[in-house]
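Hi,

Here is the structure for you to open alongside this note. My findings follow below it.

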Amino acid sequence: MNPLPPSFYEQDVDRVARALIGATLTVDGVGGVIVETEAYDAADPASHSFAGRTARNAAMFGPVGHAYVYRIYGLHHCLNFVCGTSGSAVLIRALEPRHGIDIMRERRGSALRVEQLCSGPGKLCAALGINLGLDGVSLASRPFDVRKAPTAVPVIVGRRIGISKAAERPRRFGWKDSPWLSREIIA
DNA sequence: TGTAGGATCGGCT
DNA sequence: GCCGATCCTACAG
């Protein structure tokens, strides 16, 4: 359960996406265990970095081990971890809530079941209080805390979700049979 | 300068 | 399963 060093993110983005399953992410002490991720890079037509560096995606081309946060559909946010190859990042899609569940409910709605708090990229950003102010911020310092998975976990791979280009590429990773996934993982 | 569409979510049919 | 919310990026003209 040690903090993940910046060198961890230097690995191939698909390897990082897989290795993050089981890691613990908190923001100001609120968060839980990562159960679902997706990999993107500059050679991927579905990636924001595919068309090159712009003002929005600058963090994807910035320092490794920093956050790339963007707004989607005008109202939600998504969190990514920037990796070694320039323009590559891992989208964090779902968490098992562990810490600060009362605060998550304050932010997301007091009537929600625990399974609904972080079961999607937009949901977990709302629950953890992630916004554009965290774009480009280092994951190795506050408010972020990312810790290595204490033990190996069973990971399955499938096609990505919610994209129109290259969705069939097997770049979605999830904790096998986890009840905390955003959706079932389909190969 | 104008505008189509997106790595989503929740409510309604 | 479908649709609207809501904003800002990217690209066309």
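A residue counts as buried when its relative accessible area is under 20%, with protein chains only in the calculation. Asn-80 comes in at 4% relative accessibility, so Asn-80 is buried. Please keep in mind that this is a predicted model.

Asn-80 sits in strand β4, residues 76-82. Its contacts beyond four places in sequence are His-66, Ala-67, Tyr-68, Tyr-70, Ala-89, Val-90 and Leu-91.

Now the DNA. DNA strand B is surrounded by 19 residues. Asn-80 is among the closest, along with Tyr-70, Arg-108, Gly-162 and Ile-163. Of the DNA strand B atoms within 4 Å of the protein, 50% are sugar or phosphate, and the rest belong to bases.

- Tyr-70: a side-chain N or O atom is 2.9 Å from a base nitrogen of DNA strand B.
- Gly-122: a polar backbone atom is 3.0 Å from a phosphate oxygen.
- Lys-123: a backbone N or O atom is 3.1 Å from a phosphate oxygen.

Elements giving two or more residues to this surface are β3 (67-72), β4, β5 (89-99) and α4 (121-128). The largest share, three residues, comes from α4.

One more residue: Glu-38, in strand β2 (residues 30-40). Glu-38 has 0% relative accessibility, so it is buried too. Its side chain reaches the backbone nitrogen of Ile-161 at 3.1 Å. Beyond four places in sequence, Glu-38 also touches several arginines, including Arg-93, Arg-160, Arg-171 and Arg-172.

Best wishes

Conventions: Residues are numbered from 1 along each chain as its sequence is written. Chains are lettered from A and ligands numbered from 1 in the order in which they are written. This is a predicted model: local features need pLDDT of at least 70, side-chain atom pairs count only at pLDDT 80 or more; totals for chains, interfaces and linings use all residues. Side-chain values use heavy atoms; hydrogens and water are left out. Helices (H or I, at least four residues) and strands (E, at least two) are DSSP runs, numbered from the N terminus. Buried means under 20% relative accessible area, exposed over 50%, partly exposed in between (1.4 Å probe, protein chains only). Contact means heavy atoms within 4.5 Å. A polar contact is a pair of N or O atoms within 3.5 Å; within protein, one must be able to donate a hydrogen and the other to accept it, and residues adjacent in sequence count only if both atoms are side-chain atoms. A residue is near a molecule or strand if one of its heavy atoms lies within 4 Å of it.
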